[in-house]
Amino acid sequence: MIRLSTLFLATLLPLAAHSFTPQELWQDWPEERFETAVAPCLRHAQLMESLQALESRFPDSLQIEAVGESFLGRSIRMITLGRGERKILLWSQMHGDEPSATPTLLDIAHYLLEHRQEPASQSILDSFTLLMIPMLNPDGAEIYERRNAQAIDINRDALNLVTPEGRILKRVRDEHEPMLGFNLHDQNRRTAVGDTGLLATNAVLAVAGDPENTLTPGRLRAKRACAAIVEALAPFMPGGMARYDEDWSPRAFGDNLTAWGTPVVLIESGGVPSGHEFTVLTRLNFVAILTALEGLARDDLAGYDPRVYEDLLRNQSNAWSDVVVRDAYILQPGTARAYRADLAFDRLRSDRQDVGCSQGATVRSRISEIGDARFLGAGESLAAGNSLLLAPFEVGVEGWSARKWLDQSHLARLADLGVGTLYWSVRHRRSEAAHTHAGQLRASGLPRIEVVTGPSPLPALVLSGPPREAASASLAAVLEALGAERWTTLEQLQALWVRKPGTEPNPPLLRQGLAASFLLLSPAPEGRVDFTKALLTDVWLDGHKIEGTP
Ligand SMILES: [Zn+2]
């Protein structure tokens with residue numbers, strides 16, 4: 001009796017523990033990930049080291065071979081694992097600046113082999129041979145560019161095959177004839193899910209294999225794989241899944257692989273929701289791909305309804321901004337009447353700046369919308385319903401001697417006081433030195449210095465020396481610190497901006513495409529400001545909120 005029940009349990013237990021759930025994969029990833037570099041920072045040299053480490057950890061269970069070289073001679077490697085007849089091809093980063101899934105491929109190989117005694121991994125490794133090419137475009141990845149070193153978009157080279165990287169992909173496909181492909185990309189990180197205003201963390205696509213979008217058994221399988229991915233990721237990023245544009249793209253690899261007999265699942269990693277690190281994209285890929293592989297091994301994804309994929313809302317561009325200031329009264333410089341509108345802007349930083357592995361360049365900003373932004377999703381929303389939004393102050397400084405106090409700390413104080421631009425008027429012979437001095441003081445969150453020579457108009461407000469500290473955040477105190485006590489009405493305040501000479505009227509200074517530099521004054525009932533009561537609540541210079549606002 002005892003022996004029988006033991007036997008019974010022994011056969012039942014593996015079945016019960018057959019699948020790993022998305023939740024388990026999600027929980028396991030931080031501990032069990034293999035490639036610890038943050039995806040945008042991972043370059044070819046480090047990838048080679050990681051691949052070597054992976055190979056020496058599992059010398060008998062996987063192969064890593066060079067399948068060719070990039071245009072500049074970087075080795076492109078393929079990881080092969082599993083012993084199944086049917087093959088699945090996965091490749092990442094054919095666009096050099098789309099890195100999120102590159103670490104994922106190493107993580108997946110490591111995870112499957114670490115857990116190879118467990119039924120789910122065993123069944124994947126028994127059913128399939130996985131062919132994985134991480135970082136198909138190492139030359140692009142090196143400089144974080146979409147295209148390869150020939151300046152060609154590899155993903156538009158499926159017909160010409162002018163790129164060595166494209167030829168590698170084609171050759172591997174033709175040699176192995178995989179039954180399914182995973183094409184792993186990143187999309188614009190400000191894409192929204194339909195009109196929901198929610199950020200698309202991922203978009204998926206069962207790629208078309210002809211202009212008619214014919215549903216072959218292979219494409220149906222790809223659709224089921226997409227459905228599996230949607231269901232797997234839903235608990236972690238509710239509402240964050242979108243469907244990628246399904247139009248036939250005749251030069252692209254995904255479309256042609258599908259046409260050549262390897263239906264392709266496209267996964268696009270998108271935005272990083274607030275409160276998450278960039279690595280969440282690598283983690284989501286890990287959960288998505290392993291769940292799909294497990295379903296494929298179990299029952300060819302029979303339990304997944306393709307309608308889950310078909311019903312996804314489409315990717316929507318221009319529907320999401322980094323910051324939206326809502327319901328402000330906007331006052332354009334040189335005009336006297338404020339009007340109600342939203343102002344949205346983006347911070348133009350690269351992934352590498354975002355995750356801190358790019359030395360460099362200050363982060364710029366760009367106003368994306370002024371007007372009705374009620375349907376625009378936002379990383380950060382500012383309710384400004386009782387505020388007047390206006391351009392930062394502009395001040396003038398005269399003479400070369402001002403260099404003695406024109407330093408970082410005084411510029412920071414000017415920023416606190418809402419100054420966005422400082423016009424520094426010097427004689428012609430000092431112009432070069434003044435430009436050098438100003439250049440050294442260029443930094444995010446500081447006012448811009450514009451060197452002017454000759455009889456150039458200065459703003460109405462000219463500083464005679466370093467700015468004083470404001471006694472309070474009241475507008476009156478701020479203007480006093482700037483030496484502008486005599487301005488007491490909105491109209492007079494408008495005179496503080498430089499008016500360029502000339503016959504053509506100036507376009508509005510707060511407008512789409514320009515840097516997001518502005519001030520908020522409140523209270524401003526109906527857009528009107530009482531100078532004795534209003535406070536300077538916010539200073540934003542080129543997308544940076546100035547924290548020292550008095
Ligand atoms: Zn791409």
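The model is predicted, so local features need pLDDT of at least 70 and side-chain atom pairs count only at pLDDT 80 or more, while totals for chains, interfaces and linings use all residues. Residues are numbered from 1 along each chain as its sequence is written, and side-chain values use heavy atoms, with hydrogens and water left out.

**The whole chain**

The secondary structure comes to 16 helices and 22 strands. Helices (H or I, at least four residues) and strands (E, at least two) are DSSP runs, numbered from the N terminus. Along its principal axes the C-alpha trace spans about 95 × 50 × 50 Å. Of the 550 residues in the chain, 54% are buried. Buried means under 20% relative accessible area, exposed means over 50%, and partly exposed lies in between (1.4 Å probe, protein chains only). Among the contacts in the chain with a separation of 6 or more, 77% are between residues 24 or more positions apart; a contact means heavy atoms within 4.5 Å.

**The zinc site**

The zinc ion is coordinated by His95 through ND1, by Glu98 through two OE entries, and by His185 through ND1, at 2.0 to 2.6 Å. Donors are N, O and S atoms within 2.8 Å of the metal (3.2 Å for Na, K and Ca); water is not among the atoms, so sites may look incomplete. Along the chain, the donors follow the spacing H-x2-E-x86-H. The arrangement is irregular because the four donor atoms subtend angles of 54 to 146° around the zinc ion. Four donors count as tetrahedral if all angles lie between 85 and 135 degrees; four count as square planar and six as octahedral if opposite donors are over 155 degrees apart and all others between 65 and 115; anything else is irregular. His95 is buried, at a relative accessible area of 3%, and Glu98 is buried too, at 8%.

**Helix α9 and strand β3**

Six of the eight residues of helix α9 (residues 253-260) are buried, so this helix is largely enclosed by the rest of the structure. The buried residues are Phe253, Gly254, Asp255, Asn256, Leu257 and Thr258. They pack against β3 (86-92), α7 (164-176), β5 (180-186), α8 (217-233) and β9 (264-269). Just after α9, Gly261 takes a positive phi of about 115°.

Strand β3 is mostly covered, with five of its seven residues buried. Two strands pair if DSSP finds at least two bridges between them. β3 runs parallel to strand β4 (residues 128-133), and six bridges join them. β3 also pairs with β5 in the parallel sense, over five bridges.

An open sheet of four strands has the order β18-β17-β16-β19, with parallel pairing. Its edge strands are β18 and β19, each of which pairs on one side only. Strand β17 (residues 419-426) and strand β18 (residues 448-453) are joined by six bridges. From β17 the chain crosses through helix α14 (residues 431-440) to β18, and this β-α-β crossover is right-handed. Right-handed means that, with the strands pointing away from the viewer, the path from the first strand over the helix to the second runs clockwise. Strand β16 (residues 393-398) and β19 are joined by two bridges.

| Residue | Partner and its strand |
|---|---|
| Leu89 | Leu131 in β4 |
| Leu90 | Phe182 in β5 |
| Trp424 | Val451 in β18 |

Helix α13 (residues 408-416) has the buried residues His410, Leu411, Leu414 and Ala415. Seen down the axis of α13, these fall within an arc of 150°, so they line one face of the helix; the arc is that of the directions from the helix axis to the C-beta atoms. The cover over them includes β17, β18, β19 (462-463) and β21 (535-541). Gly418, with a positive phi near 90°, follows α13.

The peptide bond from Ser522 to Pro523 is cis, with omega near 0°. Pro523 is in the loop between β20 (518-522) and β21. Glu526 lies in the loop between β20 and β21 and has a positive phi of about 55°, although it is not a glycine. Glu526 counts as exposed, at 56% relative accessibility. Tyr144, in the loop between α6 (138-143) and α7, is not a glycine but has a positive phi of about 55°. Tyr144 is buried, with a relative accessible area of 13%.
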